Amino acid sequence: MSLIPSWFTGQRSNVFDPFSLDLWDPFKDFPFPNSNSLSTNFRENSAFVNTRIDWKETPEAHVFKADLPGLKKEEVKVEVEDDRVLLISGERNVSKEDKNDTWHRVERSSGKFLRRFRLPDNARMDQVKASMENGVLTVTIPKVEEKKPEVKAIEISG
């Protein structure tokens, strides 16, 4: 059965033949680049989307881990904005293109990326530490130690 009736598409479909279905493609008219045209916007968007970051909270700290394969620590920035927002940004550079090269597939993303995280009040933003090893960026933000209430035993008279 067709998702779009044949009187809209001008094509005929046969309900009994599964290979004659008219399928609606929601991305049909979007300008996606093909293998011959390497659009900078597409590469920048895919780099932004593909930057994966995990955030876990331990009893002692907030820990962020970002997979940034192929990047050097000089190409990554870790910043604190408004004393409560962690910014992780960087840029993956495009490899040198030669006019005589024929591209068959482009899957590695390049371009700029930026991720922001608003941290809770228990984060000590003045003690942020970052390290990078084997393409994994680790940002550690210690938590404010919670003061435990002082318990004082009272003697009961009587």
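1. Ground rules. Residues are numbered from 1 along each chain as its sequence is written, and side-chain values use heavy atoms, with hydrogens and water left out. Because this is a predicted model, local features need pLDDT of at least 70 and side-chain atom pairs count only at pLDDT 80 or more, while totals for chains, interfaces and linings use all residues.

2. The core. The largest nonpolar core has 16 residues. A nonpolar core is a set of buried Ala, Val, Leu, Ile, Met, Phe, Trp, Tyr and Cys residues joined through side-chain atoms within 4.5 Å. Buried means under 20% relative accessible area, exposed over 50%, partly exposed in between (1.4 Å probe, protein chains only). Phe64, Leu86, Ile88 and Ile141 touch the most other members.

3. Where the core comes from. Strands E2 (61–67), E4 (85–92), E5 (111–118) and E7 (136–142) each supply at least two residues. E7 gives the most, with three. Strands are DSSP runs of at least two residues, numbered from the N terminus.

4. Leu86 up close. Which residues does Leu86 touch? Leaving out residues up to four places away in sequence, its contacts (heavy atoms within 4.5 Å) are Phe64, Val78, Glu79, Arg115, Arg116, Phe117, Leu119, Val139 and Ile141.

5. Two positive phi angles. Most residues other than glycine have a negative phi. Asp82 has a positive phi of about 55°. Asp82 sits in the loop between strand E3 (76–81) and E4, and is exposed at 64% relative accessible area. Asn134 also has a positive phi of about 55°. Asn134 lies in the loop between strand E6 (129–133) and E7, and is exposed at 75%.

Note on methods. Helix = DSSP H or I, 4+ residues; strand = E, 2+ residues; numbered from the N terminus.
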